Amino acid sequence: MSKAPKAFVPLTVAVMTVSDRRDASQDSSGDYLVQAAQEAGHRVAVQQICGDNRYQIRAQVSTWIASPDIQVILINGGTGFTAANSTPEALEPLFDRTINGFGELFRMVSYEEIGGATLQSRALAGMANQTLIFAMPGSTSACQQAWQRIICQQIDATTRPCNFVSQLKNL
């Protein structure tokens with residue numbers, strides 16, 4: 001006897017672009033994530049750009065984590081290996097649990113497109129206060145890969161054998 005399929009659950013998403021150079025008119029990666037989430041049936045509560053400062057990133061993400069309304073946070077940018085990139089350092093102290101497989105899987109998928117350069121990606125994910133947080137590189141191509149090949153399925157309650165939806169707040 002097979003299990004009955006679960007129904008799709010629309011989630012509330014926040015999108016952050018980490019950049020010291022982009023403004024809203026140049027945020028193609030953030031725009032892509034907003035559009036992709038909406039096309040998948042989710043609600044986007046907020047889209048914003050934050051400078052690459054670990055304390056500013058951490059403060060805004062902390063506000064979203066504490067909000068009863070935000071269930072998923074999608075962050076693009078600031079995950080490279082240069083000293084100017086601080087997204088992982090901003091997020092790691094906030095995580096209740098790290099989702100190691102996201103970074104591993106993202107680098108595997110990314111390897112198909114950019115080869116060994118993916119070694120410098122510090123993409124990561126975790127859970128904090130029943131809020132799912134994904135951080136990926138800032139290129140639109142990287143956001144497309146992360147969304148289409150990993151994130152979209154993991155925030156869809158109909159995905160089998162497992163997804164993260166049942167672990168999120170206020171369902």
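Arg22 is partly exposed, because its relative accessibility is 27%. Its salt-bridge partner is Asp27, with the closest N and O atoms 3.8 Å apart. Asp27 counts as buried, because its relative accessibility is 2%. The model is a predicted one. The structure holds three salt bridges.

**The other salt bridges**

- Glu89 pairs with Arg122, and their closest N and O atoms are 2.6 Å apart.
- Glu89 sits in helix H3 (residues 87-91) and Arg122 in the loop between helix H4 (100-114) and strand S5 (124-128), so this bridge ties together parts 33 residues apart in sequence.
- Glu89 counts as partly exposed, because its relative accessibility is 25%.
- Glu112 pairs with Arg149, and their closest N and O atoms are 2.8 Å apart.
- Glu112 belongs to helix H4 and Arg149 to helix H5 (residues 140-154), so the pair links parts 37 residues apart in sequence.
- Glu112 is exposed, because its relative accessible area is 55%.
- Arg149 is partly exposed, because its relative accessible area is 43%.

**Fold and overall form**

- The protein chain has five helices and six strands.
- Along the sequence they follow the pattern β-α-β-α-β-α-β-α-β-β-α.
- The C-alpha atoms fill a box of roughly 55 × 35 × 30 Å along the principal axes.

**Packing and surface**

- Buried residues make up 50% of the 171 residues.
- Among contacts with a separation of 6 or more, 76% join residues 24 or more positions apart.
- The protein chain exposes about 8500 Å², and carbon and sulfur atoms supply 51% of it.
- The 13 positive and 14 negative charges have mean positions 8 Å apart.

Terms used
Residues are numbered from 1 along each chain as its sequence is written. This is a predicted model: local features need pLDDT of at least 70, side-chain atom pairs count only at pLDDT 80 or more; totals for chains, interfaces and linings use all residues. Side-chain values use heavy atoms; hydrogens and water are left out. Helices (H or I, at least four residues) and strands (E, at least two) are DSSP runs, numbered from the N terminus. Buried means under 20% relative accessible area, exposed over 50%, partly exposed in between (1.4 Å probe, protein chains only). Contact means heavy atoms within 4.5 Å. Accessible areas come from the Shrake-Rupley method with a 1.4 Å probe; for residues, only the protein chains shown count as cover. Lys and Arg count as positive and Asp and Glu as negative; His and the chain ends are not counted. The place of a charge is taken as NZ of Lys, CZ of Arg, CG of Asp or CD of Glu. A salt bridge is a side-chain nitrogen of Lys or Arg within 4 Å of a carboxyl oxygen of Asp or Glu.
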